[in-house]
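Hello,

Here is the structure I said I would pass on. Please look it over, then read my notes below.

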Amino acid sequence: MIQFNGLADNAEKIYKKLTGVPVPQDEGQMIISNLKEVHNKIARSESIFNELTDNDLIDYATYDILAEKARYAYLIKQAKKRNLHF
């Protein structure tokens, strides 16, 4: 029987190593890492949004930006609860 315990964690570590994203060592570092990642995704999504002309794609990009901003706000709240400085 194949054991999959920790497989997702290992895959995430490998992905982050290949992409240059540092592997967080604790929950606080994970929150800060996620904040940086989401911030970059929002910037990319806004850049793409500014180039779109198709109404359906504009709608999709708008929802994508709003979802990422909601995720960012959640992470900010989590960071403040833990008194993290970023």
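**Notes on the model**

Lys 69 is partly exposed, with a relative accessible area of 41%. Here, buried means under 20% relative accessible area, exposed over 50%, and partly exposed in between (1.4 Å probe, protein chains only).

First, the ground rules. This is a predicted model: local features need pLDDT of at least 70, side-chain atom pairs count only at pLDDT 80 or more, and totals for chains, interfaces and linings use all residues. Residues are numbered from 1 along each chain as its sequence is written, and side-chain values use heavy atoms, with hydrogens and water left out.

Helix H2 covers residues 27-51. Helices are DSSP runs of H or I with at least four residues, strands are E runs of at least two, and both are numbered from the N terminus. H2 has 25 residues and reaches 36 Å from its first C-alpha to its last. That is close to the 36 Å expected at 1.5 Å a residue; the expected span is 1.5 Å times one less than the number of residues.

H3 (55-81) has 27 residues. From first C-alpha to last, H3 reaches 39 Å, close to the expected 39 Å.

Both helix starts have a side-chain contact. A side-chain oxygen of Asp 26 reaches to within 3.2 Å of the backbone nitrogen of Gly 28, at the start of H2. Asp 54 caps the N-terminal end of H3, with a side-chain oxygen 3.0 Å from the backbone nitrogen of Asp 56. These are polar contacts (a pair of N or O atoms within 3.5 Å; within protein, one must be able to donate a hydrogen and the other to accept it, and residues adjacent in sequence count only if both atoms are side-chain atoms).

After H3 comes Asn 83, whose phi is positive, near 55°.

**How they pack**

The buried residues of H2 pack against H3. Contact means heavy atoms within 4.5 Å. Among the buried residues of H2 are Gly 28, Ile 32, Ser 33, Asn 34 and Ser 45. In H3, the buried set includes Ala 61, Ile 65 and Gln 78. What covers the buried residues of H3 includes H2.

Which residues make up the largest nonpolar core? They are Ile 31, Leu 35, Val 38, Ile 42, Leu 75, Ile 76 and Ala 79. A nonpolar core is a set of buried Ala, Val, Leu, Ile, Met, Phe, Trp, Tyr and Cys residues joined through side-chain atoms within 4.5 Å. H2 and H3 are the elements that give two or more residues to this core. H2 gives the most, with 4 residues.

Leu 75 is in contact with Ile 31, Asn 34, Leu 35 and Val 38, leaving aside its neighbours within four places in sequence.

Ala 43 sits in helix H2. It is partly exposed, at 40% relative accessible area. Its C-alpha is separated by 8.9 Å from that of Ile 65, 22 residues apart along the chain.

**Salt bridges**

How many salt bridges does a search of the whole structure find? There are 5. A salt bridge is a side-chain nitrogen of Lys or Arg within 4 Å of a carboxyl oxygen of Asp or Glu.

- Glu 27 pairs with Arg 82, with the closest N and O atoms 2.7 Å apart. The pair links distant parts of the chain: Glu 27 is in H2, Arg 82 in the segment after H3, 55 residues apart. Both are partly exposed, Glu 27 at 48% and Arg 82 at 34%.
- Lys 41 pairs with Asp 64, the closest N and O atoms being 3.4 Å apart. Lys 41 lies in H2 and Asp 64 in H3, so the pair ties together parts that are 23 residues apart in sequence. Lys 41 is partly exposed at 27%, whereas Asp 64 counts as buried at 18%.
- Glu 46 meets Lys 69 at 3.4 Å, N to O. Glu 46 is in H2 and Lys 69 in H3, so this pair also ties together parts 23 residues apart. Glu 46 is partly exposed at 32%.

Salt bridges that share partners join Lys 41, Asp 64, Glu 68 and Arg 71 into one network.

Is Glu 68 buried or exposed? Glu 68, in helix H3, is buried, with a relative accessible area of 10%. Not counting residues up to four places away in sequence, Glu 68 touches Val 38, Lys 41 and Ile 42.

Best wishes
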